[in-house]
Amino acid sequence: MRLRSVGAGIIALAFFSWPFASTPGAAKGSPAAGQVRGPLVPPSAPDAPAQDGQQAPQDQVPQSAQSLQVQTTVVNVFATVRGKHGDIMSDLSKDDFKVFEDGTEQKLAYFTKEVDLPITLALLMDTSGSMYRIMNAEQDAATRFVREVMRKRDEAIVMSFDTDVNLLADFTEDQSVLDHAIHRAQVNAAGPVITPGTIPQNGGGGTNLYDAVFLACHDELGSEAGRKAVVLLTDAEDTGSKVRLEEAVEAAQRADAVIHVILITDFGATEGYGPGVAAKMSGDTGGRVVVVRNEKGLEKAFDEISTELRSQYVLGYYPANTKRDGTFRKIKVDVSRPDAKILARKGYYAPVQ
(Lines give C-alpha, C1' and ligand atoms only; values in the text may rest on other atoms or scores of the structure.)
Protein backbone atom coordinates (compact mmCIF):
# COMPACT_ATOMS: atom_id res chain seq x y z
CA MET A 1 0.00 0.00 0.00
CA ARG A 2 2.17 2.75 -1.34
CA LEU A 3 2.34 6.49 -1.11
CA ARG A 4 0.00 6.49 1.82
CA SER A 5 0.13 8.81 4.81
CA VAL A 6 0.25 7.37 8.32
CA GLY A 7 -3.26 8.61 9.01
CA ALA A 8 -4.61 7.02 5.85
CA GLY A 9 -2.88 3.77 6.79
CA ILE A 10 -4.55 3.67 10.17
CA ILE A 11 -7.96 4.39 8.63
CA ALA A 12 -7.37 1.70 6.02
CA LEU A 13 -6.59 -0.87 8.70
CA ALA A 14 -9.84 0.01 10.43
CA PHE A 15 -12.04 -0.42 7.35
CA PHE A 16 -10.39 -3.02 5.13
CA SER A 17 -10.47 -6.75 5.82
CA TRP A 18 -7.44 -8.92 6.63
CA PRO A 19 -5.47 -9.82 4.60
CA PHE A 20 -5.67 -7.47 1.64
CA ALA A 21 -6.30 -9.38 -1.58
CA SER A 22 -3.48 -9.30 -4.11
CA THR A 23 -4.13 -8.29 -7.67
CA PRO A 24 -2.34 -10.61 -10.13
CA GLY A 25 0.17 -8.76 -12.24
CA ALA A 26 -0.55 -5.45 -10.50
CA ALA A 27 1.62 -2.64 -11.77
CA LYS A 28 4.18 -1.39 -9.30
CA GLY A 29 4.50 2.35 -8.97
CA SER A 30 7.59 4.25 -7.94
CA PRO A 31 7.32 6.81 -5.13
CA ALA A 32 9.05 10.15 -5.18
CA ALA A 33 12.75 9.83 -4.48
CA GLY A 34 13.60 9.90 -0.79
CA GLN A 35 10.01 9.62 0.40
CA VAL A 36 9.88 8.69 4.08
CA ARG A 37 7.01 7.87 6.35
CA GLY A 38 6.67 6.52 9.83
CA PRO A 39 6.18 5.40 12.44
CA LEU A 40 3.81 2.63 11.40
CA VAL A 41 1.19 1.32 13.79
CA PRO A 42 -0.11 -2.28 13.79
CA PRO A 43 -3.79 -2.95 14.57
CA SER A 44 -4.80 -4.59 17.82
CA ALA A 45 -5.83 -7.75 15.99
CA PRO A 46 -6.23 -8.94 12.38
CA ASP A 47 -9.66 -8.80 10.81
CA ALA A 48 -11.37 -11.49 8.77
CA PRO A 49 -9.62 -12.75 5.59
CA ALA A 50 -10.36 -11.07 2.28
CA GLN A 51 -12.81 -12.89 0.05
CA ASP A 52 -12.61 -11.53 -3.45
CA GLY A 53 -9.92 -12.01 -6.03
CA GLN A 54 -9.25 -12.94 -9.58
CA GLN A 55 -8.14 -16.20 -11.16
CA ALA A 56 -4.86 -16.18 -13.08
CA PRO A 57 -4.65 -17.61 -16.59
CA GLN A 58 -3.66 -21.27 -16.47
CA ASP A 59 -0.78 -20.75 -18.90
CA GLN A 60 1.06 -18.50 -16.46
CA VAL A 61 2.83 -19.15 -13.19
CA PRO A 62 0.28 -18.23 -10.49
CA GLN A 63 1.07 -15.06 -8.58
CA SER A 64 -0.45 -15.70 -5.17
CA ALA A 65 -2.74 -18.13 -3.40
CA GLN A 66 -4.57 -15.12 -1.96
CA SER A 67 -5.24 -13.52 -5.32
CA LEU A 68 -6.85 -16.53 -6.98
CA GLN A 69 -10.10 -17.02 -5.15
CA VAL A 70 -12.95 -17.07 -7.66
CA GLN A 71 -13.61 -20.78 -8.11
CA THR A 72 -10.27 -22.57 -8.01
CA THR A 73 -7.41 -21.50 -5.78
CA VAL A 74 -3.91 -22.04 -7.09
CA VAL A 75 -1.30 -22.58 -4.41
CA ASN A 76 2.26 -21.42 -5.03
CA VAL A 77 5.23 -23.04 -3.35
CA PHE A 78 8.73 -21.61 -3.83
CA ALA A 79 11.31 -24.22 -2.93
CA THR A 80 15.09 -24.16 -2.62
CA VAL A 81 16.87 -27.52 -2.58
CA ARG A 82 20.37 -28.06 -1.25
CA GLY A 83 22.54 -31.17 -1.23
CA LYS A 84 24.32 -32.89 1.63
CA HIS A 85 27.13 -30.34 1.66
CA GLY A 86 24.93 -27.29 1.27
CA ASP A 87 25.29 -26.93 -2.49
CA ILE A 88 22.27 -25.75 -4.50
CA MET A 89 20.58 -28.48 -6.58
CA SER A 90 19.73 -26.72 -9.83
CA ASP A 91 19.14 -29.70 -12.14
CA LEU A 92 15.88 -31.07 -10.72
CA SER A 93 12.83 -31.77 -12.89
CA LYS A 94 9.11 -31.82 -12.16
CA ASP A 95 9.26 -35.59 -11.65
CA ASP A 96 11.73 -35.14 -8.79
CA PHE A 97 9.13 -33.31 -6.67
CA LYS A 98 6.11 -34.38 -4.70
CA VAL A 99 3.88 -31.93 -2.86
CA PHE A 100 1.52 -32.95 -0.07
CA GLU A 101 -1.26 -30.91 1.50
CA ASP A 102 -2.44 -32.17 4.89
CA GLY A 103 -0.90 -35.52 4.00
CA THR A 104 -2.58 -35.87 0.60
CA GLU A 105 -0.39 -35.76 -2.50
CA GLN A 106 -1.30 -32.97 -4.92
CA LYS A 107 -0.98 -32.94 -8.71
CA LEU A 108 1.49 -30.31 -9.88
CA ALA A 109 -0.02 -27.96 -12.44
CA TYR A 110 3.01 -25.70 -12.74
CA PHE A 111 6.73 -26.29 -12.49
CA THR A 112 9.60 -24.03 -13.38
CA LYS A 113 12.93 -22.78 -12.10
CA GLU A 114 12.66 -19.02 -12.17
CA VAL A 115 15.95 -17.40 -11.25
CA ASP A 116 14.76 -14.14 -12.79
CA LEU A 117 11.20 -14.11 -11.44
CA PRO A 118 10.68 -10.60 -9.99
CA ILE A 119 11.10 -10.19 -6.24
CA THR A 120 9.34 -7.79 -3.93
CA LEU A 121 11.71 -7.38 -1.01
CA ALA A 122 11.30 -5.93 2.48
CA LEU A 123 14.56 -5.12 4.25
CA LEU A 124 13.98 -4.78 8.00
CA MET A 125 16.80 -3.35 10.12
CA ASP A 126 16.95 -3.66 13.90
CA THR A 127 18.06 -0.27 15.28
CA SER A 128 17.71 -1.08 18.98
CA GLY A 129 20.59 -0.47 21.36
CA SER A 130 21.92 -4.01 21.00
CA MET A 131 22.90 -3.22 17.40
CA TYR A 132 25.17 -0.26 18.11
CA ARG A 133 28.43 -2.22 17.71
CA ILE A 134 27.62 -3.47 14.24
CA MET A 135 25.29 -0.85 12.72
CA ASN A 136 27.82 0.71 10.32
CA ALA A 137 28.88 -2.69 8.97
CA GLU A 138 25.21 -3.68 8.74
CA GLN A 139 24.45 -0.65 6.60
CA ASP A 140 27.40 -1.22 4.26
CA ALA A 141 26.60 -4.90 3.78
CA ALA A 142 22.89 -4.18 3.25
CA THR A 143 23.69 -1.59 0.58
CA ARG A 144 25.90 -4.07 -1.25
CA PHE A 145 23.21 -6.76 -0.97
CA VAL A 146 20.53 -4.54 -2.47
CA ARG A 147 22.77 -3.60 -5.38
CA GLU A 148 23.66 -7.21 -6.13
CA VAL A 149 20.35 -8.99 -5.59
CA MET A 150 17.98 -6.54 -7.26
CA ARG A 151 17.36 -6.78 -10.98
CA LYS A 152 15.02 -5.15 -13.43
CA ARG A 153 11.39 -5.28 -12.24
CA ASP A 154 12.42 -6.00 -8.62
CA GLU A 155 11.30 -3.59 -5.92
CA ALA A 156 12.15 -3.12 -2.27
CA ILE A 157 11.19 -1.24 0.84
CA VAL A 158 13.40 -0.40 3.84
CA MET A 159 12.09 -0.36 7.40
CA SER A 160 13.77 0.13 10.76
CA PHE A 161 12.48 -0.82 14.18
CA ASP A 162 13.32 -0.18 17.81
CA THR A 163 10.72 1.53 20.03
CA ASP A 164 8.87 2.46 16.84
CA VAL A 165 8.56 0.94 13.38
CA ASN A 166 9.50 3.34 10.59
CA LEU A 167 9.24 3.06 6.84
CA LEU A 168 12.43 4.67 5.51
CA ALA A 169 11.81 3.94 1.81
CA ASP A 170 8.58 2.87 0.15
CA PHE A 171 8.48 0.44 -2.79
CA THR A 172 11.02 1.50 -5.37
CA GLU A 173 13.44 0.16 -7.97
CA ASP A 174 15.73 3.15 -7.40
CA GLN A 175 18.82 1.83 -5.65
CA SER A 176 20.01 5.32 -4.70
CA VAL A 177 16.77 5.82 -2.74
CA LEU A 178 17.27 2.46 -1.03
CA ASP A 179 20.92 3.22 -0.25
CA HIS A 180 19.97 6.54 1.30
CA ALA A 181 17.26 4.90 3.39
CA ILE A 182 19.60 2.18 4.65
CA HIS A 183 22.10 4.79 5.81
CA ARG A 184 19.38 6.85 7.47
CA ALA A 185 18.77 4.05 9.94
CA GLN A 186 20.19 5.01 13.32
CA VAL A 187 20.41 3.13 16.58
CA ASN A 188 17.41 4.08 18.74
CA ALA A 189 16.39 6.61 16.09
CA ALA A 190 12.95 6.89 17.66
CA GLY A 191 14.46 8.33 20.84
CA PRO A 192 13.27 7.83 24.42
CA VAL A 193 9.90 9.53 23.82
CA ILE A 194 7.07 7.41 22.43
CA THR A 195 5.30 9.47 19.78
CA PRO A 196 1.47 9.66 19.70
CA GLY A 197 -0.21 6.61 18.22
CA THR A 198 2.74 4.27 18.58
CA ILE A 199 2.88 1.15 20.67
CA PRO A 200 3.07 1.63 24.44
CA GLN A 201 6.13 0.08 26.06
CA ASN A 202 6.79 -1.53 29.40
CA GLY A 203 9.49 0.54 31.00
CA GLY A 204 11.70 2.99 29.15
CA GLY A 205 12.10 1.27 25.81
CA GLY A 206 11.68 -1.82 23.69
CA THR A 207 12.40 -3.62 20.47
CA ASN A 208 9.31 -4.01 18.29
CA LEU A 209 10.47 -6.92 16.15
CA TYR A 210 7.12 -8.71 15.86
CA ASP A 211 5.30 -5.46 15.06
CA ALA A 212 7.82 -4.72 12.30
CA VAL A 213 7.35 -8.13 10.67
CA PHE A 214 3.58 -7.88 10.98
CA LEU A 215 3.47 -4.43 9.38
CA ALA A 216 5.90 -5.34 6.61
CA CYS A 217 3.82 -8.38 5.65
CA HIS A 218 0.27 -7.21 6.35
CA ASP A 219 0.55 -3.53 5.40
CA GLU A 220 3.11 -3.69 2.61
CA LEU A 221 3.68 -7.13 1.07
CA GLY A 222 0.13 -8.38 1.55
CA SER A 223 -1.19 -6.38 -1.40
CA GLU A 224 1.71 -7.27 -3.72
CA ALA A 225 1.70 -10.04 -6.32
CA GLY A 226 4.44 -12.52 -7.11
CA ARG A 227 7.48 -13.61 -5.14
CA LYS A 228 7.88 -11.84 -1.81
CA ALA A 229 10.66 -11.98 0.76
CA VAL A 230 11.55 -10.35 4.06
CA VAL A 231 15.23 -10.02 4.95
CA LEU A 232 15.51 -9.35 8.66
CA LEU A 233 18.70 -8.09 10.31
CA THR A 234 18.32 -8.54 14.06
CA ASP A 235 19.29 -10.37 17.21
CA ALA A 236 15.65 -11.58 17.15
CA GLU A 237 14.87 -10.42 20.68
CA ASP A 238 11.56 -8.62 21.10
CA THR A 239 10.89 -6.53 24.18
CA GLY A 240 8.03 -4.24 23.23
CA SER A 241 5.70 -5.42 20.48
CA LYS A 242 1.94 -5.16 20.55
CA VAL A 243 1.41 -8.29 18.44
CA ARG A 244 2.65 -11.75 19.34
CA LEU A 245 5.23 -13.85 17.50
CA GLU A 246 2.48 -16.14 16.20
CA GLU A 247 0.59 -13.18 14.74
CA ALA A 248 3.72 -11.92 12.97
CA VAL A 249 4.33 -15.37 11.45
CA GLU A 250 0.69 -15.65 10.40
CA ALA A 251 0.89 -12.26 8.66
CA ALA A 252 3.84 -13.55 6.64
CA GLN A 253 2.03 -16.77 5.77
CA ARG A 254 -1.08 -14.91 4.65
CA ALA A 255 1.06 -12.61 2.50
CA ASP A 256 2.90 -15.62 0.98
CA ALA A 257 6.14 -13.99 2.15
CA VAL A 258 9.33 -15.88 3.02
CA ILE A 259 11.32 -14.60 5.99
CA HIS A 260 15.12 -14.86 5.92
CA VAL A 261 16.87 -13.89 9.15
CA ILE A 262 20.43 -12.64 9.42
CA LEU A 263 20.83 -13.38 13.11
CA ILE A 264 23.32 -11.01 14.70
CA THR A 265 24.59 -12.58 17.92
CA ASP A 266 26.37 -10.18 20.23
CA PHE A 267 26.55 -12.05 23.50
CA GLY A 268 27.54 -8.86 25.32
CA ALA A 269 24.30 -7.14 24.33
CA THR A 270 21.57 -9.79 23.98
CA GLU A 271 19.81 -12.19 26.30
CA GLY A 272 20.15 -15.33 24.19
CA TYR A 273 16.56 -16.24 23.25
CA GLY A 274 16.75 -14.83 19.72
CA PRO A 275 17.74 -18.03 17.87
CA GLY A 276 14.44 -19.73 18.71
CA VAL A 277 12.45 -16.75 17.44
CA ALA A 278 14.53 -16.60 14.24
CA ALA A 279 14.04 -20.33 13.65
CA LYS A 280 10.27 -20.00 14.11
CA MET A 281 9.93 -17.09 11.69
CA SER A 282 12.10 -18.57 8.96
CA GLY A 283 11.10 -22.21 9.38
CA ASP A 284 7.36 -21.59 9.21
CA THR A 285 7.63 -19.44 6.08
CA GLY A 286 10.26 -21.38 4.10
CA GLY A 287 13.25 -19.13 4.77
CA ARG A 288 16.58 -19.65 6.44
CA VAL A 289 18.63 -18.31 9.33
CA VAL A 290 22.23 -17.21 8.81
CA VAL A 291 24.12 -16.60 12.04
CA VAL A 292 26.53 -13.65 12.14
CA ARG A 293 28.96 -13.21 15.03
CA ASN A 294 31.09 -10.38 13.69
CA GLU A 295 31.31 -7.78 10.94
CA LYS A 296 33.13 -10.12 8.55
CA GLY A 297 30.22 -12.53 8.57
CA LEU A 298 27.68 -9.96 7.37
CA GLU A 299 28.66 -9.96 3.70
CA LYS A 300 28.79 -13.75 3.62
CA ALA A 301 25.33 -13.88 5.18
CA PHE A 302 23.90 -11.53 2.57
CA ASP A 303 25.55 -13.59 -0.18
CA GLU A 304 23.84 -16.73 1.12
CA ILE A 305 20.45 -15.03 1.19
CA SER A 306 21.03 -13.66 -2.32
CA THR A 307 21.79 -17.17 -3.61
CA GLU A 308 18.68 -18.45 -1.86
CA LEU A 309 16.46 -15.85 -3.53
CA ARG A 310 17.82 -16.64 -7.00
CA SER A 311 17.71 -20.45 -6.76
CA GLN A 312 14.06 -21.31 -6.25
CA TYR A 313 11.78 -23.78 -8.00
CA VAL A 314 8.16 -22.71 -8.50
CA LEU A 315 5.65 -25.46 -7.73
CA GLY A 316 1.97 -24.73 -8.31
CA TYR A 317 -1.07 -26.92 -7.72
CA TYR A 318 -4.85 -26.81 -7.46
CA PRO A 319 -5.63 -28.22 -4.00
CA ALA A 320 -7.71 -31.36 -3.86
CA ASN A 321 -9.47 -29.92 -0.82
CA THR A 322 -11.74 -27.29 -2.35
CA LYS A 323 -13.38 -26.16 0.90
CA ARG A 324 -13.27 -22.41 1.40
CA ASP A 325 -13.11 -22.56 5.18
CA GLY A 326 -10.17 -20.30 6.02
CA THR A 327 -8.26 -23.08 7.75
CA PHE A 328 -4.50 -23.51 7.74
CA ARG A 329 -3.38 -26.23 5.32
CA LYS A 330 -0.03 -27.90 5.96
CA ILE A 331 2.33 -28.29 2.99
CA LYS A 332 5.18 -30.76 2.68
CA VAL A 333 7.57 -30.92 -0.26
CA ASP A 334 9.56 -34.09 -0.96
CA VAL A 335 12.42 -34.54 -3.45
CA SER A 336 13.52 -37.89 -4.86
CA ARG A 337 17.24 -37.14 -4.49
CA PRO A 338 18.95 -38.60 -1.42
CA ASP A 339 20.20 -36.18 1.27
CA ALA A 340 18.24 -33.29 -0.23
CA LYS A 341 17.39 -30.47 2.15
CA ILE A 342 14.34 -28.46 1.15
CA LEU A 343 13.35 -24.94 2.11
CA ALA A 344 9.66 -24.30 1.42
CA ARG A 345 6.78 -22.80 3.29
CA LYS A 346 4.94 -25.09 5.68
CA GLY A 347 1.43 -24.11 4.72
CA TYR A 348 -1.12 -21.50 3.74
CA TYR A 349 -4.54 -20.21 4.75
CA ALA A 350 -7.44 -21.35 2.60
CA PRO A 351 -9.80 -18.68 1.25
CA VAL A 352 -13.19 -18.16 2.84
CA GLN A 353 -16.64 -17.70 1.35
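**Helix packing and a sheet**

Author: In H2, Gln139, Asp140, Ala142, Thr143, Val146 and Arg147 meet Gln175, Leu178, Asp179, Ile182 and His183 of H3; contact means heavy atoms within 4.5 Å. Those residues divide into four nonpolar, four polar and three charged. This is a predicted model, where local features need pLDDT of at least 70, side-chain atom pairs count only at pLDDT 80 or more, and totals for chains, interfaces and linings use all residues. Residues are numbered from 1 along each chain as its sequence is written, and side-chain values use heavy atoms, with hydrogens and water left out.

Reader: At what angle do the axes of H2 and H3 cross?

Author: Roughly 165 degrees, and the axes of H2 (residues 135–149) and H3 (residues 175–184) come within 9 Å. That makes H2 roughly antiparallel to H3 (over 145 degrees counts as that). Helices here are DSSP runs of H or I, at least four residues, and strands are E runs of at least two.

Reader: Is the crossing left-handed or right-handed?

Author: H2 passes H3 in a right-handed crossing.

Reader: Switching to the sheet, what order do the strands have?

Author: S4-S3-S13-S15, an open sheet of four strands with antiparallel pairing; strands pair if DSSP finds at least two bridges between them. The twist averages 30 degrees from one strand to the next.

Reader: And which strands stand at the edges?

Author: S4 (104–106) and S15 (347–349), each with a single partner strand, so one side of each is left without a neighbour in the sheet.

Reader: How many bridges join S3 to S4?

Author: Three, with S3 (residues 97–101) running antiparallel to S4. Glu101 stands opposite Thr104 in S4.

How values were computed. Axes fitted to C-alpha atoms, helices over the stretch in contact; angles between N-to-C directions. Parallel < 35°, antiparallel > 145°, perpendicular 65-115°, else oblique. Left-handed = near helix turned anticlockwise from the far one by under 90°. Nonpolar A, V, L, I, M, F, W, Y, C, P; charged D, E, K, R; others polar.
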